[in-house]
Every structure is written in C-alpha cells, then in structure tokens.
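Have a look at the structure first, then read on.

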Amino acid sequence: MTTKKLQYERPVIQKLNTGVMNKFGTKTEYKPVTHIDDNSVKDLIEKFGSPLFVISEKSIRDTYHNANRAFKNRYPKVQFAWSYKTNYVNAVCNVFHQEGSWAEVVSGFEYNKALQNGVPGNKIIFNGPDKSEAELTLAINNDSLIHIDHLDELYLIKEIANQSKKRPRVAIRVNMDTGVYPMWDRFGFNYENGQAWDAINKIMLNDKMDLVGLHSHIGTFMLAPSAYGIAAAKLSDLAIAIKKKYKKNIQYIDMGGGFASKNTLKGSYLQGVDTSPTFDQFAEAITTSILNAGFTENELPLLILETGRALIDDAGYLLGTVISNKRLSDGRRATIMDFGVNILFTSFWYDHKISPAQEFGQYTEDAVLYGPLCMNIDVIRENITLPPLMRNDHVVVHTVGAYNMTQWMQFISLRPAIVMIDTKNIPHIIRNRETLNSIQGDEVMPKHLKDFKL
Ligand SMILES: *Cc1c(COP(=O)(O)O)cnc(C)c1O
C-alpha cells in the first residue's frame, strides 16, 4: 500500500494587525479552483501548455441570456451587437452571433473580420473615428450601419454617395454630459453645445443618405446606471425633435457599451462582485427613459446595445504556473509567475482575483505576484494574500475575458493558446500558441543583411 506523502510547508511568522477585521473575513480570495467547467486545471495545462487562456462557452451563453432577458422583459425591440474589440477571437464572436448578436466594429480590420465570420453587411455597425474612403465605400455597398464620428467623415460619405447608386444608412455618435466625469467628448458630436443637432440637420437636408439611428457610448466600466438613463433621455429628445421637424422616425437608438464587469478596480475597498450594477439595473434606467420620452407605440425605436466587457469578462480565465519564490529586500514574499502584464493587460487597472489551483494548508502570507518579463513594471498583483505556492504549482486568474485577448502584446516570448470549453465541457483549441514562424512570418530580410561572419 502506498500513502501519499504530505507536502512540506515551511512555517511563516505573521504580523498580526490589531483593529477591526474586514467584514468579508480574510479567506475570500484563496479557495482552491481545481477545475473549470469540469476540466481539471492540471490536465488543461498538461495538454495545452502554460500559461493558457480558457473561455467557458457556457458562461458566455448564460451571461448573454441574462442580459437579453433583462432588456427584453422591459422593452419590445432589443438587439445586441457584439463589440469586436472587446474580444475578437472568431470562435468567441461566433458564440455571440449564434445567440443573435450583430457585429459592432471600430476599424476596417474588425469590419473584414465580421464579414469573414459571415455576418451580413446590413448587420454590421461601423463605429470609430478612422474609416478610410475604401472602407466606407465597402460598408456603403454592404448596407452597413455607419456611425459618423466627425464632419470630415460626413462630407466624405456624401462624396462617395454622389458617385454611388447606394444610399448610405448612417447614424451619428452623440457625446453628452451624463453626470460622470471626465466626460467622454472626443468621439462624435456634442449634445449640449448643439453640434449633434447641427450634424443631424446636415444629414437630414442631404438627399443622398438616410439618418437611421442615434448612437452614444458614454464611457467604459461605468458603475452608474443613472448615467445611461440620462443618455437615453437625451438621444430620445433628439429623435423626437427630428420627428417634429422632418416628420421622419429614427429607426434605432444605440446605447453603446461600457457596463462594468465584475472585476475589482485597483484601490477600491469593495469587491467588484458587490459593486457592479446588474443588467437589470442598467436595463431599467435605459428603458424607463425611452419609454417615458414621448414616442407613440409604433414609433418606439429599436434599442441596440453594444455591451462588451460585461458579457465576456467572467467567461475568461488565465491559467498559469509558479516559476519561483523569493524574498525581497524588505522581507516580503515574491512569487514569480509564467505570465506577465503583456498578456494580462487589464492588471494595470484591476486587482484580478487569483486562486491557487490545488489544495493547500492553513497558512497564508501576503505576497507580490510578478510576471516573467525582464521589466520592473511586470507586476500582476502588488499585494495578494495567498497560501505559499511552490514551483510548478498552478493558479487561476479570474475575469480576464475582456480586452486581454485583443490588447495583448507579443514581447520576448510567444503568446499562449486559447481554449474554449464547450457546453458539454469538451475543450477546443480556438487559437494556437504562437510559434517562432507565426511571429516572424511578416518579417522581411533585405538581401545585403542575409549573411554575416562572426
Ligand atoms: C469599446 C466599445 C464598446 C464596448 O465597450 P465595453 O466597455 O467593452 O462594453 C461598445 N461600443 C463602442 C463604440 C466602443 O468603442
């Protein structure tokens, strides 16, 4: 008979702080997370390498159903459009498209990605300040919804429309004071100073294009549902003023994205899980404003939502492995992980929840978590309470589905694979780990630099 040898845990001396304990107790962060959707972390890492991004398809679909329910219970016509820049790995986009989401893109690159995924042109919303003439022409030919950011874009669309048989379907992006500061006023046309109304008149008096919608995206990681209520009221006022002056109905109001996910912002005392509003709260604020704005029943515009992070953040995990432990000169414990801030970009803003992936004893200690980059800024968590982790132990970083897989940087090593666990708990590779060849594929060596002698 064999018995499993107990793991040695070195004793630690812990400073006791007198005073009031945090009301949440001390153990909130470090319950072991050994499995994700029934797949053991250890097996996933053995099979697909470490570090590894893991996305739970079930979690995406559950979150989407919850958001969709919150809005559809309160408003008759609702349409989600997946924000590509939040996570544009094609398999992720297609889960949203299967659920009925259109595509919301902010560049020509993303526009073509959506087309290649099979999204019909008339279900692509084209946002952003930088749309080239060629990209606008393509979008006009495909009947896409073009959200105009500035007057130069408006005049360019006019020129293209003059040469074309197609009538561009356009909306304007409106920025406004919603009581949340700093105000995002660099995108689109301002409401308060009359720019938005001016742009509307310029479009309405042009016989070559149709103003079909009004758009706003008031910020990101917004914690105040009331700000969306104010924005929805201001867009509704514009729509009703258009109806009054031009006898034309605006087809849709697009409230953009920005709903906070459940991450914890750095420096906040309470955990994100406790502070982030629910979809019901955002939906209540938005739909109340539109329903009370004075539209008749058959004039009610379609409500479009471009929610990104709040739909995907929870579904993403980053699995990693301990490289080493050391003591800093001030005595603090430092643990070096095999993933750095280059693939966990959001660690600049969030205190990500990080769980050990194996059982552990009763000791805990405050530690700094470093990544493997040879750079001082490579700090995953400045201060985290964890049980002592040993070399080759694994951890699970939570709530990393938004922005990390689009903003990640290839730096000194290869970016990891991404695995999606399907609703039957079967893992699928959805992006291979990079290779030397995939990184160097676009490099070109001039002939005179090909050879050298050392
Ligand atoms: C980034 C962006 C979104 C999504 O924002 P989230 O904060 O991820 O919800 C939606 N609409 C526009 C125009 C954006 O730029």
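What follows covers the domains and then the ligand site.

Keep in mind that this is a predicted model, so to speak a computed picture from start to finish.

**Domains**

The protein splits into two parts. Domain 1 is built from two stretches, 22–54 and 315–434, while domain 2 runs over 57–313. Taken over C-alpha atoms, the centres of domain 1 and domain 2 sit 33 Å apart. Where they touch, domain 1 brings 27 residues to the contact and domain 2 also brings 27 residues.

**The ligand site**

Which pocket does the ligand take up? Its space is the second largest pocket. There are 16 residues around the ligand, and K85, T220, G258, E306 and Y403 come nearest. Sorted by class, that shell has ten polar residues, five charged ones and one nonpolar one.

Here are some N or O atom distances between protein and ligand:

| Residue | Part of the residue | Ligand atom | Distance |
|---|---|---|---|
| E306 | side chain | nitrogen | 2.6 Å |
| G258 | backbone | oxygen | 2.7 Å |
| G308 | backbone | oxygen | 2.9 Å |

And how much of the ligand's area does the protein bury? Taken alone, the ligand exposes 390 Å², and 95% of that is buried by the protein.

Back to two of the names in the table: G258 and E306 are also among the residues that come nearest to the ligand.

Note on methods. Residues numbered from 1 in each chain as written. Predicted model: local features only at pLDDT ≥ 70, side-chain atom pairs only at ≥ 80, totals over all residues. Heavy atoms only, no water. Near = heavy atom within 4 Å. Polar contact = N/O pair within 3.5 Å; in protein donor to acceptor, adjacent residues only side chain to side chain. Areas by Shrake-Rupley, 256 points an atom, 1.4 Å probe, with all protein chains shown as cover. 1 Å grid on protein atoms, 1.4 Å probe; cavity = no way out; pocket = protein on both sides within 12 Å on 5 of 7 lines; lining within 4 Å. Sits in = over half its atoms within 2 Å of the grid points. Nonpolar A, V, L, I, M, F, W, Y, C, P; charged D, E, K, R; others polar. Domains from an automatic or database assignment. Contact = heavy atoms within 4.5 Å.
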